[in-house]
Amino acid sequence: MYIINVKDLSKSFGDFKAVKEISFSVKKGEIFGFLGPNGAGKTTTINMLTGLALPTSGAITIAGLDGIKNIKKVQQIIGIVPDESNLYDEMSGYDNLVFCASLYGMEKARREKRALELLKQFSLDDTGNRPFKTYSKGMKRKLTIAAGIIHDPEILFLDEPTTGIDVESARQIRKLIKELNAKGTTIFLTTHYIEDAERLCHRIGFIVSGKVVKISSVYDLMNEAQQENIMEFTIDQNGEDLESALLHQFPHVAIKQLSPYSIKISSVEKIELMPFMRFFEEQGAIVSEAKILRPSLEEVFVKITGIEINRLKEEKEGKKR
Amino acid sequence: MRTSLAFWSILRKDMKNYYLKPPNISWGIIFPISWTLMFFMRSATPVDLRDILPGVMALSVLFGTTSMLAVTITFERRSRSFERLLLAPISLNMLMLAKTTGAIVFGIVNAFIPVIFAFFLTDLSGINWFFTIIGVFLIAVTSTFLGLFIAVSANEVFEAQTFSNFFRFPMMFLCGLFMPMEKLPVFVRPFSYILPLTYGVDILKFSITNTGNFKIWISLIVLLGYSVSLFLVSMYNIRKKWIY
């Protein structure tokens, strides 16, 4: 069952088309990743889905409601965590949460209880009375997520949740996202961190220059990208000494990489492990590790979008600064 | 119920975060005192405090409301916290009414500070308090919505303040606050008639000094018209500029 349906959605700013007739659906209970470089149209799409921007054309349906005409009803059941904090610097973490809860019509006792619960869940209970401006970046991001889920939304929109924060905070946030999803919250996540998408998402949509170029599950994306099978053996001998014998015995494989204690082979056919183990045994080499190498999501991203990983990394660093 | 709860929360938050801060409280007291003293000092003859009261009250409201809107709206837009309000499930009209009510209340309180001082220094008997309160309320509403119109047009707090002065200072001289309109050069009088504060001051003059140029119902209708128009134009601009 799909909880978000987007059909032929476009957004233009004057002559510039930021989003070009995109269509996609998000299943109830899944973590859907929207992946693309800076300026691809991720934030514009999230703004249209949450009511901060009006589409030029197209249709949005969220939980059966018209996401354009009934946006105020939609906003009652969605939570939004923007890429930058939008809480009040002068107010304490606790007051920020209580205030956000009141915007959703939560009664005093309920919102105070919920605020305390979330501060504890996000390990911010010790700092709940401190002004928000004194929080570290990671703490700010955690409190912004807490504010986004204060009303127990069915769908949570997360825009770049781990950008610009330290490794430990990013790890905690990934854990929190997984926990929320395990409780049934559908999560729509935009990111240009490939690692986040790979670790968190069930399905991924790639957006490049305002167009959705691919939507698939992470598993299917990997399989599609895998044009050849690659296996790496770690041995106790110099791999270069075994090259000719290996090619002689297995003419269908190609040597991808040789180093003193490692051999990487590839083949368009499936690679059976046992014949190779016997070969190394006959050659008097001890195999300490044998592993199948699968393409990373980074490689899949490069293959689908044609965007070099270095460019993505530069953008990542730029955003951090 | 849900909307009214959000309305009061936004109003309470603005009061606590902005209006009840010491600098704003001191502004509300010092500003009207300064104007009153200025008129005392520059006058060759003894100034009747009651004569200058409508002008000082109107100026206190005008400066108080427009200055605060520049902060509460433009500053929050800049820091993106206004985005959180736009994403909340309350209508834009209700949201903006909540944001502006704080400034209206602040303006009304500012207006009555010179009255408190005047109470100890001059005779205030015979004042029509009903129309004074109506007049102050309408000046506060019109000035607040003028401030909203300005805040929506500006991106930075300093821009909003500068843009506010473009409206505020001409109003000081053209709206009959301290100089009767009939003493103004003929060619600038049409400008006086198109400025809302002219009508607000006229209501106060009618209620405090029993003078005034217009029939009171004309001033009331004009101010109501300005209030509704400025609010609607601001809403249109917000939808166009902020929900892009």
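**View 1. Salt bridge between A:Lys7 and A:Asp8 in the predicted model.** The side chains of A:Lys7 and A:Asp8 form a salt bridge with an N to O distance of 3.9 Å; the term stands for a side-chain nitrogen of Lys or Arg within 4 Å of a carboxyl oxygen of Asp or Glu. A:Lys7 is exposed because its relative accessibility is 54%, and A:Asp8, at 37%, is partly exposed. Buried means under 20% relative accessible area, exposed over 50%, and partly exposed in between (1.4 Å probe, protein chains only). Residues are numbered from 1 along each chain as its sequence is written, and chains are lettered from A and ligands numbered from 1 in the order in which they are written. In this predicted model, local features need pLDDT of at least 70, side-chain atom pairs count only at pLDDT 80 or more, and totals for chains, interfaces and linings use all residues, while side-chain values use heavy atoms, with hydrogens and water left out.

**View 2. Salt bridge between A:Glu90 and A:Lys133.** The closest N and O atoms of A:Glu90 and A:Lys133 are 3.3 Å apart. This pair links distant parts of the chain, 43 residues apart. A:Glu90 lies in the loop between strand 6 (78-81) and helix 3 (93-103) of chain A, and A:Lys133 in the loop between helix 4 (108-121) and helix 5 (137-148) of chain A. Helices (H or I, at least four residues) and strands (E, at least two) are DSSP runs, numbered from the N terminus. Both partners are partly exposed: A:Glu90 has a relative accessible area of 47%, and A:Lys133 has 45%.

View 3. A:Glu179 is partly exposed at a relative accessible area of 31%, as is A:Lys175 at 48%.

**View 4. Salt-bridge network with residues of chains A and B.** A:Asp83, A:Glu84, B:Arg80 and B:Glu83 are linked in a network of salt bridges. Over all chains, the structure holds 20 salt bridges.

**View 5. Crossing of helix 1 (residues 2-19) and helix 5 of chain B.** The two axes come within 9 Å and cross at roughly 40 degrees. Axes are lines fitted to C-alpha atoms, for helices over the stretch in contact, and angles run from 0 to 180 degrees between N-to-C directions. Helix 1 and helix 5 of chain B are therefore oblique to each other; angles under 35 degrees count as roughly parallel, over 145 as roughly antiparallel, 65 to 115 as roughly perpendicular and the rest as oblique. The crossing is right-handed, the near helix being turned clockwise from the far one by less than a right angle. Helix 1 of chain B contains B:Tyr18, which is buried at 9% relative accessibility.

**View 6. Nonpolar surface patch on chain B.** Patch members have over 30% relative accessible area and no salt bridge; like charges are joined within 9 Å and nonpolar side chains (Val, Leu, Ile, Met, Phe, Trp, Tyr) within 5 Å. Areas come from the Shrake-Rupley method with a 1.4 Å probe, and for residues only the protein chains shown count as cover. Helix 2 (22-42) and helix 5 (92-121) of chain B each supply at least two residues, with helix 5 giving the largest share, five residues. B:Leu121 belongs to helix 5 of chain B and is exposed, at a relative accessible area of 60%.
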